[in-house]
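Please keep the sequence and the structure in view while reading.

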Amino acid sequence: MTISALSYVRLEMRDPSEWQRFGEQVLGFAGRPAENCAVRGTLCLAMDAMPFRYLIEPGDADRFAAAGWECADADAYGHVVGALQEAGALVRLGTDVEAGSRGAADLAFGVDPSGNAFELCHGRTSNDASFNSPIDGLRFVTGAMGLGHAVLPAPEFAATDAFYRDVLGFGVSDELTLPPPAEGAPEQRIHFLHADNPRHHSVGLCNFPAPNGVVHLMAEVDSLDNVGACLDRAKAAEAPIVASLGRHLNDGMVSFYMLAPGGIPIEYGYDGRQFDWSVFEPTRSTVGDIWGHEYNFPG
Ligand SMILES: [Fe+2]
């Protein structure tokens, strides 16, 4: 495996200040000034000692802009850049300034067969500042496992699935098939893929589109109480709750889903299982949840 973790995500927002409020007061991220960022008004949201895990840039639309995949070292990075070039998926190499704005040693830009933009980096260094959530006692489960996971629309399903496995080097964790959401619609398929860390999946690929570029992003906290307290804060902030509390079958996560500003769905969870991939057998599921997770996503 060549990708070590989902290191960061970039969102484009018409009003980044809404995300600052929501990120700090509901999610418990720590807002930091963006350093070395070319885009004025860019906001960094930290979940740990990394300079940021969410980069919110001002733009014309509210949308998911890119997933930031990190490689363990320069060798792994070089290998993936070569594979992207061969696959015709490398958009360009980043400049030193762009890499610096991510806190990384090197940066490349790519696009997958469904049109999802992504970035590739290595050598991200953490800040001197230790992480202090604005919410007392809140800690995120991150470190080598990255910020959590991103579930992405992949209408070009077979080609995108093959790309993440064969070019980026992800491993298969679970292939989920769900009944059609409406009569005449195709069955829903989600493939859950892991990077080189114990988290069950760092990326999920869906055979259906998502209007703002992402099906959901997941953040994991260190206790069930911290999930419940966030649910209270989300309700107080009148954020739409788009899935009730529940436990997923494949990664065991107890979570709920809310819409953050710009309609970005966020899964907020605890108790995700961790795996030893050397002895793991990929699974095929037809059920997404053990209990709960009554879904009410728009559209
Ligand atoms: Fe998820």
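In this predicted model, helix H4 covers residues 157-167, and its buried residues are Phe157, Thr160, Asp161, Phe163, Tyr164 and Val167. The spacing of such positions can be understood from helix geometry. An α-helix has 3.6 residues a turn, so residues three or four places apart point the same way. After H4 comes Gly169, which has a positive phi, near 85°.

Along the principal axes, its C-alpha trace spans about 50 × 45 × 40 Å. Of the 299 residues, 55% are buried. Among contacts with a separation of 6 or more, 67% are between residues 24 or more positions apart.

The surface may be considered next. The accessible surface of the protein chain amounts to about 12700 Å², and carbon and sulfur atoms contribute 50% of it. On this surface, Leu245, Leu249, Val287, Ile290 and Trp291 form a nonpolar patch, with about 440 Å² of accessible area together. One member of the patch, Ile290, is located in strand S18, which consists of residues 289-292. Is Ile290 buried or exposed? Its relative accessibility is 51%, and because exposed means over 50%, Ile290 counts as exposed.

Key: Residues are numbered from 1 along each chain as its sequence is written. This is a predicted model: local features need pLDDT of at least 70, side-chain atom pairs count only at pLDDT 80 or more; totals for chains, interfaces and linings use all residues. Side-chain values use heavy atoms; hydrogens and water are left out. Patches are made of residues with over 30% relative accessible area and no salt bridge: like charges are joined within 9 Å, nonpolar side chains (Val, Leu, Ile, Met, Phe, Trp, Tyr) within 5 Å. Accessible areas come from the Shrake-Rupley method with a 1.4 Å probe; for residues, only the protein chains shown count as cover. A salt bridge is a side-chain nitrogen of Lys or Arg within 4 Å of a carboxyl oxygen of Asp or Glu. Helices (H or I, at least four residues) and strands (E, at least two) are DSSP runs, numbered from the N terminus. Buried means under 20% relative accessible area, exposed over 50%, partly exposed in between (1.4 Å probe, protein chains only). Contact means heavy atoms within 4.5 Å.
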